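Look through the structure before reading on.

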Amino acid sequence: MSRITVNDAVAKSAKGEITVIDVREANELRASGTAAGALHIPLATLAMKADPKHPDFEPKLAQGKPIAVYCAVGGRAGMATQVLSRFGHEAHNICGFGDWVGAGGPVKR
């Protein structure tokens, strides 16, 4: 599996080739916005949302697309990629929201 950079993620997101997940808490999104089109799944709920056998599974993760994950600076995104990988998803840590914005990624406020 090759690494997906934040620049790759912005480009692939624009083409619908990747799923982007913001694992920050709701108050963080209210303060700064989020990547346009990103799923908001806080890290605390990710395991149940990523597990295809769980009743709260997020159907958008069943599409089989690579997943780009970010948080504030990258720490939680790293943990999230491990959770997603455990359930068979191809997941990539693209670091923090500031990296998304710096790469020209669209933002929803």
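Q: Which residues in H4 do Leu-43, Leu-46, Ala-47 and Ala-50 in H3 meet?
A: This is a predicted model, where local features need pLDDT of at least 70, side-chain atom pairs count only at pLDDT 80 or more, and totals for chains, interfaces and linings use all residues. Residues are numbered from 1 along each chain as its sequence is written, and side-chain values use heavy atoms, without hydrogens and water. Contact means heavy atoms within 4.5 Å. On the H4 side, the partners are Arg-76, Met-79, Ala-80, Val-83, Leu-84 and Arg-86.

Q: How many nonpolar residues does the contact of H3 with H4 have?
A: Ala, Val, Leu, Ile, Met, Phe, Trp, Tyr, Cys and Pro count as nonpolar, Asp, Glu, Lys and Arg as charged, and the others, Gly among them, as polar. The contact has no polar and 2 charged residues. The nonpolar ones number 8.

Q: At what angle do helix H3 and helix H4 pack?
A: Helices are DSSP runs (H or I, at least four residues), numbered from the N terminus. Here H3 covers residues 43-50 and H4 residues 75-86, with axes (lines fitted to C-alpha atoms over the stretch in contact) 9 Å apart. Angles run from 0 to 180 degrees between N-to-C directions. The packing angle is about 15°.

Q: Why is H3 roughly parallel to H4?
A: Angles under 35 degrees count as roughly parallel. H3 is roughly parallel to H4 because their angle is about 15°.

Methods. Helices (H or I, at least four residues) and strands (E, at least two) are DSSP runs, numbered from the N terminus. Angles under 35 degrees count as roughly parallel, over 145 as roughly antiparallel, 65 to 115 as roughly perpendicular and the rest as oblique.
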